[in-house]
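Please find below a note on the model under review.

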Amino acid sequence: MATGRTHRPATRSRGIPEATVARLPLYLRALTALSERSVPTVSSEELAAAAGVNSAKLRKDFSYLGSYGTRGVGYDVEYLVYQISRELGLTQDWPVVIVGIGNLGAALANYGGFASRGFRVAALIDADPAMAGKPVAGIPVQHTDELESIIQDNGVSIGVIATPAGAAQQVCDRLVAAGVTSILNFAPTVLSVPDGVDVRKVDLSIELQILAFHEQRKAGEESTADTAAAAPAATRRQSATDQGPDGDVPAVMPA
């Protein structure tokens with residue numbers, strides 16, 4: 001099986017927009033669920049609903065892959081799973097190192113979704129000497145002094161940073177210098193990387209803050225709706241005082 005060193009996904013060379021690339025994993029997750037239920041075909045409307053997008057956007061995204069489905073039949077589920085997996089580079093082995101084996105790093109190490117999606121945790125690395133040799137998810141933790149040799153020996157091109165914010169940039173620099181070209185950053189800080197290195201940031205606190213914004217907005221809308229619902233009676237009472245003896249609003253009299 002090929003490793004992450006021997007091949008890079010062709011999405012950029014084929015001109016697939018980044019927004020489409022970001023939606024491909026959503027389609028793949030929905031398709032995998034259909035495949036597990038032995039569903040042979042799916043319409044664009046059904047798949048779009050399962051992925052949380054509109055069907056027109058889905059059809060546009062799939063056109064970049066050269067997949068247009070069959071009128072009256074839909075898309076072949078198994079073929080789409082293969083096609084999207086290939087486009088994302090998931091039909092090969094991607095060795096990954098996780099640096100920072102605290103609570104979050106340990107949780108990531110125990111996540112079973114990596115192996116099923118083409119990612120192999122090649123090593124767990126931590127700066128704490130007391131952690132060295134301790135097994136996490138069946139993998140012994142190695143000290144950061146060995147980081148460069150681990151990356152070289154395993155042909156690693158993807159690194160996961162789960163360290164405290166203060167250590168993240170130094171770890172990032174060492175990963176890049178050792179040959180890592182893609183980084184998934186869980187540390188609550190912005191990393192500086194050279195051209196040619198891709199960084200994806202996952203910040204749970206930011207996601208919660210965005211949800212808090214939406215909750216606050218929904219609460220404000222409900223309050224406004226309650227006020228509007230109570231307003232008609234008061235408005236009717238006010239209107240009655242403004243009406244003339246026959247129920248008509250009196251004309252404005254000249255001064």
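The points below go from the model as a whole to its sheet and then to single residues.

1. Basis of the note. This is a predicted model, in which local features need pLDDT of at least 70 and side-chain atom pairs count only at pLDDT 80 or more, while totals for chains, interfaces and linings use all residues. Residues are numbered from 1 along each chain as its sequence is written, and side-chain values use heavy atoms, with hydrogens and water left out.

2. Confidence. The mean pLDDT (the predictor's confidence in each residue, from 0 to 100) is 85 for the protein, and 85% of its residues reach 70 or more. Two stretches should be read with caution. Over residues 1-13 pLDDT stays under 50, and the model has 32 contacts beyond four places in sequence for them; a contact means heavy atoms within 4.5 Å. Over residues 245-255 pLDDT also stays under 50, with 7 such contacts.

3. Overall composition. The protein has 9 helices and 9 strands; these are DSSP runs numbered from the N terminus, helices being H or I of at least four residues and strands E of at least two. Of its 255 residues, 35% are buried, where buried means under 20% relative accessible area, exposed over 50% and partly exposed in between (1.4 Å probe, protein chains only). Among contacts between residues at least 6 apart in sequence, 58% join residues at least 24 apart.

4. Seven strands form an open sheet with mixed pairing, in the order β5-β6-β4-β3-β7-β8-β9. Its edge strands are β5 and β9 (198-201), each of which pairs on one side only; two strands pair if DSSP finds at least two bridges between them. Strands β3 (residues 94-99) and β7 (residues 158-161) run parallel and are joined by 4 bridges. In this pair, V96 stands opposite I158 of β7.

5. Helices on the sheet. Helix α7 (residues 147-154) packs on the sheet and touches β3, β4 (119-126) and β6, its direction making about 165 degrees with that of β4. Helix α8 (residues 165-178) also packs on the sheet, touching β3, β7 and β8 (182-185), and its direction makes about 170 degrees with that of β7. Axes are lines fitted to C-alpha atoms, for helices over the stretch in contact, and angles run from 0 to 180 degrees between N-to-C directions.

6. T20. Which residues does T20 contact, leaving aside its neighbours within four places in sequence? They are D61 and Y64. T20 is found in helix α1 (residues 18-36) and counts as buried because its relative accessibility is 2%. Its side chain makes a polar contact with the side chain of D61 (2.8 Å); a polar contact is a pair of N or O atoms within 3.5 Å, where within protein one must be able to donate a hydrogen and the other to accept it, and residues adjacent in sequence count only if both atoms are side-chain atoms.

7. Backbone points to check. Most residues other than glycine have a negative phi. S38, which is not a glycine, has a positive phi of about 60 degrees; S38 lies in the loop between α1 and β1 (41-42) and is exposed, at 64% relative accessible area. A137, also not a glycine, has a positive phi of about 55 degrees. A137 is placed in the loop between β5 (135-136) and β6 (139-143) and is partly exposed at 40%.
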